[in-house]
Amino acid sequence: MAQTDTLSISVSQVPPYATPERDGFEDSIATEMYARLGFKVRFRDVPAERGLQDLDHGIDDGTLARNPGMANRYPNLVQFNEPVLERHYVAFSKGLILDTSDWTSLADYRVGIVIGWKILERNITKAKALIKVRDSETLFRMLERERIDVAVFNKWGGLGKIEELGIKGIVAHEPPFAKRSVYYYVHKSRADLATRGSAILREMKADGTYQRIFDATLGTVTTPAS
């Protein structure tokens, strides 16, 4: 496990949630939250599925936001009780006319997702083909090259990745397939941080710190219309 003064936190998100400079929304929130608890943070970039496995094995002290209920599959994870944010899971395409009011609308399409995104693996069961890839760059490059028809990803993360890659002609469809409050997790050996960290998150929301970070990161993302 990490030393007591430094926490190892796994990262599997993309800009604007997390950035190489560690000034995205989630890494900024985590840095401030843990600093108020007296810890420095060392972020470790890993694929989504591996991040959960590593945390369950005690390789890391915590992870950035995941969907609720991960401890049902990974029993050594402890979930915060205060959400970090609400994620919107949307379809991206190169201009398809797509009804996204229900997951079954994907039945006629080749759909791409990132491995380890449990909400997508559980719900996308009727696609013409479901292609699972390692990371978001691969996902959106496949969409750009029309190797898939639809990419399903979280809205802000997808918009940030499209902008980062300089890809044109991809639109985000509304409404979202799903909205989920997401939570930080820690290893059970750090279970006290889930309680204390949740209290700090509420404090940050009350004192304006949370909104300031939100405005500077997620608030700057523009939405391509469907």
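**Exercise 1.** In this predicted model, identify the buried residues of helix α7 (residues 209-217), then explain why they lie on the same side of α7.

*Solution.*
1. Taking buried as under 20% relative accessible area, the buried residues of α7 are Thr209, Tyr210, Ile213 and Thr217.
2. These residues cover an arc of only 100 degrees around the axis, which puts them on the same side of α7.
3. The general rule behind this step is that an α-helix has 3.6 residues a turn, so residues three or four places apart point the same way.
4. As packing partners, the buried residues of α7 have α1 (25-36), β5 and α6 (191-207).

**Exercise 2.** Determine how many cavities of 30 Å³ or more the whole structure holds, and describe the lining of the largest cavity.

*Solution.*
1. The search of the whole structure returns 1 cavity at that cut-off.
2. The space in the largest cavity comes to about 140 Å³.
3. Its lining consists of 14 residues, with Arg66, Asn67, Arg87, Gly116 and Trp117 closest to the centre.
4. At least two lining residues come from each of α2 (48-56), β3 (62-66), β5 (85-93) and α3 (118-123).
5. Sorted by class, the lining has 7 nonpolar, 4 polar and 3 charged residues.

**Exercise 3.** Give the volume of the largest pocket and state which residues of its lining lie nearest its centre.

*Solution.*
1. The volume of the largest pocket is about 400 Å³.
2. Its lining has 22 residues, and Ser12, Gln13, Val14, Asp45 and Asp135 lie nearest the centre.
3. Helices α4 (136-144) and α5 (155-165) each contribute at least two residues to this lining.
4. The class division of the pocket lining is 11 nonpolar, 4 polar and 7 charged.

Note on methods:
Residues are numbered from 1 along each chain as its sequence is written. This is a predicted model: local features need pLDDT of at least 70, side-chain atom pairs count only at pLDDT 80 or more; totals for chains, interfaces and linings use all residues. Side-chain values use heavy atoms; hydrogens and water are left out. On a 1 Å grid over the protein atoms alone, a cavity is a set of points where a 1.4 Å probe fits but cannot get out, and a pocket is an open set with protein on both sides within 12 Å along at least five of seven lines; lining residues have an atom within 4 Å of a point. Grid points are joined across faces, edges and corners, and a volume is the space filled by probe spheres set on the points. Helices (H or I, at least four residues) and strands (E, at least two) are DSSP runs, numbered from the N terminus. Ala, Val, Leu, Ile, Met, Phe, Trp, Tyr, Cys and Pro count as nonpolar, Asp, Glu, Lys and Arg as charged, and the others, Gly among them, as polar. Buried means under 20% relative accessible area, exposed over 50%, partly exposed in between (1.4 Å probe, protein chains only). The arc is that of the directions from the helix axis to the C-beta atoms. Contact means heavy atoms within 4.5 Å.
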